[in-house]
Amino acid sequence: MAAEVLLLMGPPGAGKGTQASALAEAEGLRKVSTGDMLRGHVREGTELGRKAEAIMQAGELVPDDLIVAMVRREVSSMDEVRMLLDGFPRT
């Protein structure tokens, strides 16, 4: 099965999230937002969320390895990979 992945990149405040929502809905894609994932993991108290929360509380940027782990977990839960990545990769 082929994967379909769209990626939106741009500076903060450029409208990525707004465009991602509209595009994902129009194309029937699952919107995967790293910011939403981070907040969800923190709220749920997952191991990744606890690590990320400590880093965020220190005012630092969550490292790519944690973000990649969250994205991998999200992708592994999909039956069919048709998604739009919002805010990933960051570096």
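In the predicted model, T34 touches I67, V71, D86, G87 and F88, when residues up to four places away in sequence are not counted. T34 itself is placed in helix α2, which covers residues 34-44. The relative accessible area of T34 is 5%; because this value falls under the 20% cut-off, T34 is classed as buried. A further relation across the sequence involves V68, which lies 34 residues from T34 along the chain. The C-alpha atoms of T34 and V68 are separated by 9.3 Å.

The secondary structure of the chain consists of four helices and three strands. Read from the N terminus, these elements follow the order β-α-β-α-α-α-β. Among contacts with a separation of 6 or more, 64% are accounted for by residues 24 or more positions apart.

The overall dimensions of the chain were also examined. The C-alpha trace spans about 40 × 30 × 20 Å along its principal axes.

The chain exposes about 5,800 Å², of which carbon and sulfur atoms supply 52%. The charged side chains comprise 11 positive and 14 negative groups. The centres of these two sets lie 3 Å apart.

Key: Residues numbered from 1 in each chain as written. Predicted model: local features only at pLDDT ≥ 70, side-chain atom pairs only at ≥ 80, totals over all residues. Heavy atoms only, no water. Helix = DSSP H or I, 4+ residues; strand = E, 2+ residues; numbered from the N terminus. Buried < 20%, exposed > 50% of the residue type's maximum accessible area, 1.4 Å probe, protein only. Contact = heavy atoms within 4.5 Å. Areas by Shrake-Rupley, 256 points an atom, 1.4 Å probe, with all protein chains shown as cover. Lys, Arg positive; Asp, Glu negative; His and termini not counted. Charge placed at Lys NZ, Arg CZ, Asp CG, Glu CD.
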